[in-house]
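Q: Could you show me how to read the strands and domains of a protein model?

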Amino acid sequence: MNIAPVLQARGVGRRFPNGVEALAPLDLDVRAGEFVTLLGPSGCGKTTLLRICAGLDAPTCGTLRREVDDSRLSYVFQDATLMPWASVAANVRLPLDLERRGGKPERRARVMQALERVGLADFAGALPRELSGGMRMRVSIARALVTEPALLLMDEPFGALDDITRQHLDDELLALAAAQGLTVVFVTHSIFEAVYLSDRVIVMSRRPGRIVADIAIEATRRDAAFRVSPQFAMQAARLQAALVEGQR
Ligand SMILES: Nc1ncnc2c1ncn2[C@@H]1O[C@H](COP(=O)(O)OP(=O)(O)OP(=O)(O)O)[C@@H](O)[C@H]1O
């Protein structure tokens, strides 16, 4: 059976008004339930492509078709971007408040459920400044999950965190994505994070970004042993070679 892709880019390119060509025309399909990572050097157009997928920016050529409407899409930014004066619960509730979804008790229940999913139910009343960087990022993910999205677009969400916290959040994200059947498009410049998380890695060239490789990642299981396995190292080496190729 041929399942229609959730995202389909055809000849999508982006040139900014100042003349910078961020993206060369490219084609990309993302299918339901896939975890797809955009990997490339700084400034190669990953964020631009993700923003176009979200409808936050428009391509200057080509077409982007998205099967998921705005209400079932969530976007996670590089920083947690929380309201510093508001409690954790109020931060997570924001998308529900903005969309006026459900009554007060229903919103409260959904917020608590989202916080439980990221292990922060005990911190509902805390202020962002009382949390560590990793916990703030988990609040940001809870805020993205509270609307029960089908498509999660994540722009290097764990880039500012230490390796241990990052690896922990990678595991949480994989578990959440599997449990909710999410389709995820994830941006990173970490080869290791790309191998660990992804079903497929899209390797981009330096600017203007084009796709130099579309690599399926084989993983019998994704756990601490995978990170130090020959299978992992081999796939990291393939991504590394593709990245180098994209610099030419
Ligand atoms: N609004 C804009 N106007 C002009 N140029 C822009 C604009 N937004 C991005 N650019 C440029 O387009 C290029 C691609 O930017 P983008 O943020 O998509 O890259 P990136 O791969 O996400 O980088 P990083 O990994 O550092 O976040 C960069 O050279 C950037 O300076």
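A: Let us begin with pairing: two strands pair if DSSP finds at least two bridges between them. Helices (H or I, at least four residues) and strands (E, at least two) are DSSP runs, numbered from the N terminus. This is a predicted model, in which local features need pLDDT of at least 70 and side-chain atom pairs count only at pLDDT 80 or more, while totals for chains, interfaces and linings use all residues. Residues are numbered from 1 along each chain as its sequence is written.

Q: What is the bridge partner of Val36 in strand 8?
A: In strand 8, Val36 has Arg200 as its bridge partner. Strand 3 (residues 35–39) and strand 8 (residues 200–204) run parallel and are joined by four bridges.

Q: What is the order of the strands in the open sheet?
A: The six strands of this open sheet follow the order 5-6-7-3-8-9, and their pairing is mixed. Strand 5 (73–76) and strand 9 (211–216) stand at the edges with a single partner strand each, so one side of each lacks a neighbour in the sheet.

Q: Which domains does the assignment give?
A: Domain bounds come from an automatic or database domain assignment, and here the assignment gives domain 1 (1–68 + 150–248) and domain 2 (86–149).

Q: How many residues of domain 1 are in contact with domain 2?
A: Two residues are in contact if their C-beta atoms, placed from the backbone, lie within 7 Å; by that rule, 11 residues of domain 1 are in contact with eight residues of domain 2. On the side of domain 1 that touches domain 2, helix 5 supplies the largest share, four residues.
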